[in-house]
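Here are a few exercises to work through with the model open beside you. Try each task before you read its solution.

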Amino acid sequence: NEWVFATQNKHKVSELNSIFREQLGIKVVGLHSFKGLPEIIEDQDTFEGNARKKAETISQVLGRPVFADDSGLSVDFLNGAPGVYSARYAGLGATDEQNVEKLLYELKGVSQDKRGASFVCVLALSVPGEKTFIVRGECPGRIAFHPQGEYGFGYDPVFFLPDRGCTMAELPPHVKNQISHRAHATERLIHLLNEKFDF
Ligand code: ITT
């Protein structure tokens with residue numbers, strides 16, 4: 001049992017693999033295992049739009065069910081930015097470190113009580129001949145003043161979890177994968193598939 005995820009991001013593949021293995025006993029593979037697939041331009045202005053586009057494009061080409069994950073960080077003080085632009089906040093091809101640096105710069109001088117943020121993950125499942133299923137998961141927190149922790153990827157080192165008293169990057173993967181936006185979205189997806197397909 002192997003499910004295709006329309007993603008080029010190896011960190012996502014690794015997290016989704018842990019979550020799906022744990023919750024469904026299913027292995028997931030990213031697009032690195034496939035050749036000759038079209039490049040997908042993520043030009044939609046919502047996570048839902050981009051997740052749908054990635055899943056439907058690849059599912060059409062492969063003629064089989066395909067999942068996609070569109071995710072990012074929404075910062076209250078920045079009116080929801082970087083949002084769908086999270087991967088390229090500091091410019092196309094920017095590294096995680098450059099994106100984090102830009103975020104901290106934009107929040108320079110902003111006090112702790114105004115640094116609220118959420119991680120958002122939208123999962124889409126496109127099944128040939130069916131409508132596309134879309135779910136959203138969120139994880140609330142706030143933006144730290146300095147990066148801390150070595151686990152995870154992206155904005156994890158500056159995503160502080162008040163309940164835990166540490167950043168997402170200080171949580172070992174098996175803990176992140178129980179509480180993350182990605183974990184919450186997966187729970188909703190399983191719920192939906194159970195209702196629809198008796199999964
Ligand atoms: P694909 O589109 O190929 O899946 P991508 O990395 O471009 O890969 P997105 O467009 O969905 O994916 O952008 C997601 C970005 O949001 C990601 O690069 C991180 O900067 C951030 N992000 C998403 N989930 C995260 C997480 O769990 N921890 C930290 N940052 C995260």
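**Exercise 1: the ligand shell**

Sorted by class, the shell around the ligand holds 5 nonpolar, 10 polar and 6 charged residues. Here Ala, Val, Leu, Ile, Met, Phe, Trp, Tyr, Cys and Pro count as nonpolar, Asp, Glu, Lys and Arg as charged, and the others, Gly among them, as polar.

A word on the ground rules: this is a predicted model, where local features need pLDDT of at least 70 and side-chain atom pairs count only at pLDDT 80 or more, while totals for chains, interfaces and linings use all residues. Residues are numbered from 1 along each chain as its sequence is written.

Task: find which residues are closest to the ligand and which strand gives the most to the shell.

Solution. Step one: the ligand is surrounded by 21 residues (C-beta, placed from the backbone, within 6 Å). The closest are Thr 7, Asn 9, Ser 86, Ala 87 and Gly 154. Step two: strand β3 (residues 66-75) gives the most, with 5 residues. Strands are DSSP E runs of at least two residues, helices are H or I runs of at least four, and both are numbered from the N terminus.

**Exercise 2: around β3**

Task: work out whether the two faces of β3 are buried or exposed, then list its pairing partners.

Solution. Start with the faces. Val 66, Ala 68, Asp 70, Gly 72 and Ser 74 point one way, Phe 67, Asp 69, Ser 71, Leu 73 and Val 75 the other, and all are buried. Buried takes 20 or more other C-beta atoms within 10 Å of a residue's own, exposed 12 or fewer, partly exposed anything in between, with C-beta atoms placed from the backbone.

Now the partners; pairing takes at least two DSSP bridges. Strand β1 (residues 2-5) runs parallel to β3, joined by 2 bridges, and Val 4 sits opposite Val 66. Strand β4 (residues 116-126) pairs antiparallel with β3 over 10 bridges, with Ala 68 opposite Ala 124.
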